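Subject: Structure handover

Hi,

Here is the structure I said I would pass on. Could you load it and keep it open while you read the rest of this message?

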Amino acid sequence: MLLGAHVSISGSIAKSVDRAKELGCTTFQIFTRNPRGWRAQKLKESEVEEFRKRREEEGYRVVVAHMPYLPNIASPKQESWRKSVSVLIEELRRCEALGIDYLVCHLGSHLGKGVQVGIERVAKAVNEALSKVETRCVLLLENMAGQKGSVGSRFEEMKEIFARIEQPERVGVCLDTCHLYAAGYDIRSEAGLEETLRSFDENVGLGRLKVLHLNDSKGGLGSGLDRHEHIGHGHIGREGFRRIINHRHLRELPMIIETPEDEEGDYSYDLSVLRSLYQKV
Ligand SMILES: [Zn+2]
Ligand SMILES: [Zn+2]
């Protein structure tokens, strides 16, 4: 089972490997930098080497990075869109240097200008960024929770984005279970999960699905709330997660938890619940 958590890079990027290892992760996700600012410190060669070496030593086949919080590639405002694209390009470069396999990017918000505007902006951002950098790292677009103004909480919107992407072989999808549920996809029930995956396949294609974010949802079905809960403690529940992680189309994907880390041991708890639900075949 490829299961891990979003771990901190505090101290050094290489320390993320130790943290992942300590949690028993078989894959993991990081920010390559402080996620709260626009600017990143340049990667030092020694930092890059140390990370690559530690990862290799521990045998991590798949490592994921997440974009920082501030960029909004769907922004209708030229200046903030431009800044967001710059960060996307920079992150793609950093991931490439670090040997990271996937970079996850939220689809963002059209800030009231309408979903069609958002779709165009996202596609333009992705096309521009990919035209500026050669990467082995694949860019993953993450579904949104359906907050007001968000782009890409519906698979029909993702379909329209992919139709505009010039290098689709370099782009995939990361689905977040909390965001799916909050956006109105009833993945808690068996029939709902099947219908969700059928619709995803029809609109986007299951072949594009590369990573799952496993988070339970504090908000109800269709609430539009992006509030992560511990596995089994939210609306999706243990049985919901048992079906999700064992589903024939999902069970081999890298799965990452981004559940709240209020206390030491929270991640261990969520990971152990998921491991206990996973059925070996
Ligand atoms: Zn997520
Ligand atoms: Zn979220």
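Below is what turned up, starting with the metal site and ending with the charged pairs.

Before anything else, please keep in mind that this is a predicted model.

**The metal site**

Start with the zinc ion (ligand 1). Four residues coordinate this ion: Glu 142 and Glu 258 through OE, Asp 176 through OD, and His 213 through ND1, at 2.1 to 2.3 Å. The geometry comes out as irregular, with angles of 88 to 179 degrees among the four donor atoms. If you want to pick the donors out of the sequence, their spacing reads E-x33-D-x36-H-x44-E. Glu 142 sits in strand β5 (residues 138–142), whereas Glu 258 belongs to the loop between β10 (255–257) and α9 (266–277), so this pair ties together parts that are 116 residues apart in sequence. Both of these glutamates, Glu 142 and Glu 258, are buried. There is also a zinc ion (ligand 2), and 4.5 Å separate it from the zinc ion (ligand 1).

**Asp 101**

Next, have a look at Asp 101, which you will find in the loop between α3 (78–98) and β4 (102–106). Is Asp 101 buried or exposed? Its relative accessibility is 14%, and since the cut-off for buried is under 20%, Asp 101 counts as buried. A polar atom of the Asp 101 side chain lies 2.8 Å from the backbone nitrogen of Val 63. Leaving aside residues up to four places away in sequence, Asp 101 touches Arg 55, Arg 61, Val 62, Val 63, Arg 136, Cys 137 and Val 138.

**Salt bridges**

Now for the charged pairs. As a reminder, side chains of opposite charge can pair when their charged atoms come close.

- In the pair Arg 54 and Glu 58, the side chains meet at 3.1 Å, N to O. These two are four residues apart in helix α2 (residues 45–58), so about one helical turn separates them. Arg 54 is buried, with a relative accessible area of 18%, while Glu 58 counts as partly exposed at 26% relative accessibility.
- In the pair Arg 198 and Glu 195, the N to O distance is 2.9 Å. Both are in helix α7 (residues 190–203), and being three residues apart puts about one helical turn between them. Arg 198 counts as partly exposed at 43% relative accessibility, and Glu 195 is partly exposed too, with a relative accessible area of 40%.
- In the pair Glu 239 and Arg 242, the salt bridge spans 3.2 Å, N to O. Helix α8 (residues 237–246) holds both residues, three residues apart, about one turn of the helix. Glu 239 counts as partly exposed at 43% relative accessibility, and Arg 242 counts as partly exposed at 28%.

Which residues join Arg 54 and Glu 58 in a network of salt bridges? Asp 18, Lys 21, Lys 53 and Glu 57 are linked with them in that network.

Cheers

Note on methods:
Residues are numbered from 1 along each chain as its sequence is written. Chains are lettered from A and ligands numbered from 1 in the order in which they are written. This is a predicted model: local features need pLDDT of at least 70, side-chain atom pairs count only at pLDDT 80 or more; totals for chains, interfaces and linings use all residues. Side-chain values use heavy atoms; hydrogens and water are left out. Donors are N, O and S atoms within 2.8 Å of the metal (3.2 Å for Na, K and Ca); water is not among the atoms, so sites may look incomplete. Four donors count as tetrahedral if all angles lie between 85 and 135 degrees; four count as square planar and six as octahedral if opposite donors are over 155 degrees apart and all others between 65 and 115; anything else is irregular. Buried means under 20% relative accessible area, exposed over 50%, partly exposed in between (1.4 Å probe, protein chains only). A polar contact is a pair of N or O atoms within 3.5 Å; within protein, one must be able to donate a hydrogen and the other to accept it, and residues adjacent in sequence count only if both atoms are side-chain atoms. Contact means heavy atoms within 4.5 Å. A salt bridge is a side-chain nitrogen of Lys or Arg within 4 Å of a carboxyl oxygen of Asp or Glu.
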